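Thanks for making time this morning.

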Amino acid sequence: MAKYFNTEIISADSRQFFKEMQIGTAAPNKEELAEAKHHFIHHKSITEDYNVGAFEKEAIERLESLFKLHNVVIMVGGSGLYVDAVTKGLDYFPDVDKNIRTTLNNQLETEGLEALQLQLKTLDTTAYNTIAIDNPQRVIRALEICIGSGQPYSSFLNKGKGKRPFKTITIGLTADRSIIYDRINRRVDIMLEQGQLEEAKGLFKHQELNALNTVGYKELFNYFNNEWTLEFAVSEIKKNSRRFAKRQLTWFKRNKETLWFDYNYNFDVLITCIDRVIKNN
């Protein structure tokens with residue numbers, strides 16, 4: 001699509017931002033990066049404090065520059081929150097007592113993530129079913145809003161956002177779940193063949209960093225810590241990747257305006273559809 005529109009690509013994959021995480025995030029390779037200019041690929045270090053708010057600000061600034069050169073810009077990625085931050089803007093949340101987060105972090109250490117997940121399920125079922133429930137920081141963020149405001153985290157979503165100075169066309173690819181899961185399993189095997197174990201080993205000393213609390217790394221860290229066998233760690237990577245894919249589908253299917261195409265789509269048909277939507281806008 002970038003070639004067809006003679007334009008550039010913005011990545012909204014929140015883990016492909018980090019230059020130390022190449023194999024385990026399936027980031028575009030040199031050949032793919034050479035096909036079209038990409039932005040927000042390996043531009044940060046895992047040691048830098050980078051979040052969705054910073055990405056929103058930088059991506060909007062980059063888009064302002066790109067729209068001076070191109071009528072169309074392509075954004076691609078699997079991090080739904082980061083996509084929405086650019087296309088819709090971030091949600092407003094009330095300020096809450098910082099001690100709540102401290103308490104929740106302590107609870108995470110003593111009781112584990114599952115206890116926090118169950119607490120969120122009780123306080124806000126909607127958030128429990130839609131956020132990245134395996135990400136402790138996302139769970140704690142949702143919980144601190146629930147506790148601090150006395151209202152569900154999800155009740156603050158999609159309220160009072162300003163309109164963007166551009167129009168968004170959202171495209172999604174679909175496949176039978178069995179195909180998705182088979183490809184996930186194969187991708188994990190391929191990443192291991194490409195050196196994922198060695199990449200994770202090189203990052204092991206930084207295992208406490210939030211950027212590395214990521215599927216494909218945290219499981220191997222358990223292996224390095226002699227908590228799991230390598231075989232079990234690999235099986236957990238596959239399982240957690242499948243769970244993540246399921247949550248991604250749930251997130252993206254909320255957008256009723258998405259144009260869905262089968263993964264075996266005919267490119268000419270897709271482009272004809274996109275061109276038609278652009279002309280009608």
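This is a predicted model: local features need pLDDT of at least 70, side-chain atom pairs count only at pLDDT 80 or more; totals for chains, interfaces and linings use all residues.

On one side of α4, the residues K98, N99, E109 and T110 are exposed, where exposed means over 50% relative accessible area, buried under 20% and partly exposed in between, with a 1.4 Å probe and protein chains only. Residues are numbered from 1 along each chain as its sequence is written, and side-chain values use heavy atoms, with hydrogens and water left out.

The buried residues of α4 are I100, L104, Q107 and L108. They lie on the same side of α4 because they cover an arc of only 105° around the axis, the arc being that of the directions from the helix axis to the C-beta atoms. In general, an α-helix has 3.6 residues a turn, so residues three or four places apart point the same way.

As for the ends of α4, D97 caps the N-terminal one, with a side-chain oxygen 2.9 Å from the backbone nitrogen of N99, and the helix is followed by G112, whose phi is positive, near 90°.

Most residues other than glycine have a negative phi. A26, although not a glycine, has a positive phi of about 50°, and at 32% relative accessibility A26 counts as partly exposed. N226 likewise has a positive phi, near 60°, and N226 is exposed, with a relative accessible area of 70%.

Notes
Helices (H or I, at least four residues) and strands (E, at least two) are DSSP runs, numbered from the N terminus. A polar contact is a pair of N or O atoms within 3.5 Å; within protein, one must be able to donate a hydrogen and the other to accept it, and residues adjacent in sequence count only if both atoms are side-chain atoms.
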